[in-house]
Amino acid sequence: MRIVEASLHLVRLPLVHAFQTSSHRKTHLDHILVRLVDESGAEGWGEIASPSDPFYCPETTETCWHIAERYVLPSVVDAVWEHPAELPRLWRKVRGNRFAIAGVDAAGWALWSGVRGVSLAKALGGTRGEVVAGVSLGIEPTYDALLEQVRRQVDAGYPRVKLKIAPGWDTEPVRLVREAFPDLAVHVDANGAYGETAEELAVLRGLDDFGLLMIEQPFAPRNLVAHAALQRSVRTPVCLDESVDTIDDLRTALALGAGRVLNIKVSRMGGLTAAVAAHDLAREHGVDVWCGGMHEFGIGRAANVALSSLPGFTLPSDVSASAKYYARDVVQPEVVADQGVVRVPDGPGLGHTVDVAFIGENRLKETTITAPAESPRRGSPSAA
Ligand code: OSB
Ligand code: MG
């Protein structure tokens with residue numbers, strides 16, 4: 001396979017409900033959609049779902065644009081390859097910048113599976129025809145507003161709710177949700193907002209009383225030691241998100257016992273090949289995994305659904321329906337959930353049609369790189 005054209009499309013969509021985490025509040029999102037085209041004219045789409053600000057991880061929409069345009073796309077355009085697992089070798093010299101890489105990697109997988117006539121899920125090794133979705137709820141202005149959001153999602157049939165927490169918005173909202181929904185699977189995500197003061201550790205340990213599914217990323221990303229210490233002192237599984245960007249991070253986390261659950265994000269791991277490798281390693285070590293989200297548009301969301309169909313994804317994933325986030329999505333049909341269950345498409349590639357006209361209407365900018373007409377590079381890596 002040889003990619004003859006690659007383009008980036010910066011697209012802005014408004015969120016139907018503003019979302020606040022421990023670090024930022026969002027009313028709309030700007031994601032970069034990646035389109036790869038091969039010699040036959042077939043195309044594959046991927047999504048760079050970076051937040052616009054460097055508060056979740058060091059990347060931003062602008063750094064992603066720069067890295068993808070300057071390094072990642074030039075490394076794949078004109079290269080010859082047989083299988084998408086070969087793609088990471090093309091950009092192997094690029095350090096970090098996993099979000100920028102992930103969208104290109106996923107576009108390669110979508111292209112390849114589409115050309116082969118198999119579903120992306122099958123291509124990745126998926127074994128499930130449906131995946132269970134949970135919803136992630138932001139910090140709300142009031143406890144009543146939070147309870148109303150939980151009620152709405154429970155009524156829609158979602159079997160698991162994740163609550164964003166931060167110092168000052170933790171024990172009380174969790175207690176209230178638990179009181180109102182005694183049997184609901186609830187988990188909390190701190191996005192690294194806690195330190196190791198006696199007070200903050202007491203709050204985190206206190207959460208053990210609420211029968212939570214997990215406590216996600218309480219401490220800063222590199223502070224694996226604190227996660228390991230907390231996991232030794234609570235029954236609730238500790239889950240890592242921001243701490244695991246690479247397989248090496250995962251190996252370190254496993255060696256330290258820094259958590260019993262792993263959130264695998266296609267974006268954070270730098271693509272689908274890396275996400276599958278993380279799944280395989282976690283599974284070997286008996287660590288439960290689920291697929292995290294970055295409020296993806298339909299392209300990234302479809303990739304998340306496909307990934308979630310792998311056998312180690314034993315916990316509900318953040319792959320709720322498009323309608324939870326966007327009034328209209330960039331794919332047709334949009335991603336839908338029925339009582340919290342999302343069907344895994346069995347059509348070729350992503351299994352959704354990309355709505356190019358709608359992308360055009362909401363595009364802020366675009367750039368295209370094309371290969372020279374002749375002389376492919378025969379698989380040799382570019383200068384990047
Ligand atoms: O930590 O999982 C996270 C959104 C933005 C930044 C970080 C996170 C999230 C989510 C969204 O929780 C999950 C979703 O896509 O529904
Ligand atoms: Mg998280």
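**A crossing of two helices**

Guide: In this predicted model, the crossing of H1 and H2 is right-handed, a word used if the near helix is turned clockwise from the far one by less than a right angle. Helix H1 covers residues 61–76 and helix H2 covers residues 98–116, where a helix is a DSSP run (H or I, at least four residues), numbered from the N terminus. Their axes come within 9 Å and cross at roughly 45°; these axes are lines fitted to C-alpha atoms over the stretch in contact, and angles run from 0 to 180 degrees between N-to-C directions. H1 and H2 are therefore oblique to each other, since angles under 35 degrees count as roughly parallel, over 145 as roughly antiparallel, 65 to 115 as roughly perpendicular and the rest as oblique.

From H1, the contact (heavy atoms within 4.5 Å) is made by Cys64, Ile67, Ala68, Val72, Leu73 and Val76, while H2 brings Phe99, Ala100, Ile101 and Val104. By class, this contact of H1 with H2 has 10 nonpolar residues, with no polar and no charged ones, where nonpolar covers Ala, Val, Leu, Ile, Met, Phe, Trp, Tyr, Cys and Pro, charged covers Asp, Glu, Lys and Arg, and polar covers the others, Gly among them.

Elsewhere in the model, the peptide bond from glutamine 332 to proline 333 is cis, with omega near -15°, although most peptide bonds are trans.

Residues are numbered from 1 along each chain as its sequence is written, and chains are lettered from A and ligands numbered from 1 in the order in which they are written. Local features need pLDDT of at least 70, side-chain atom pairs count only at pLDDT 80 or more, and totals for chains, interfaces and linings use all residues, while side-chain values use heavy atoms, with hydrogens and water left out.
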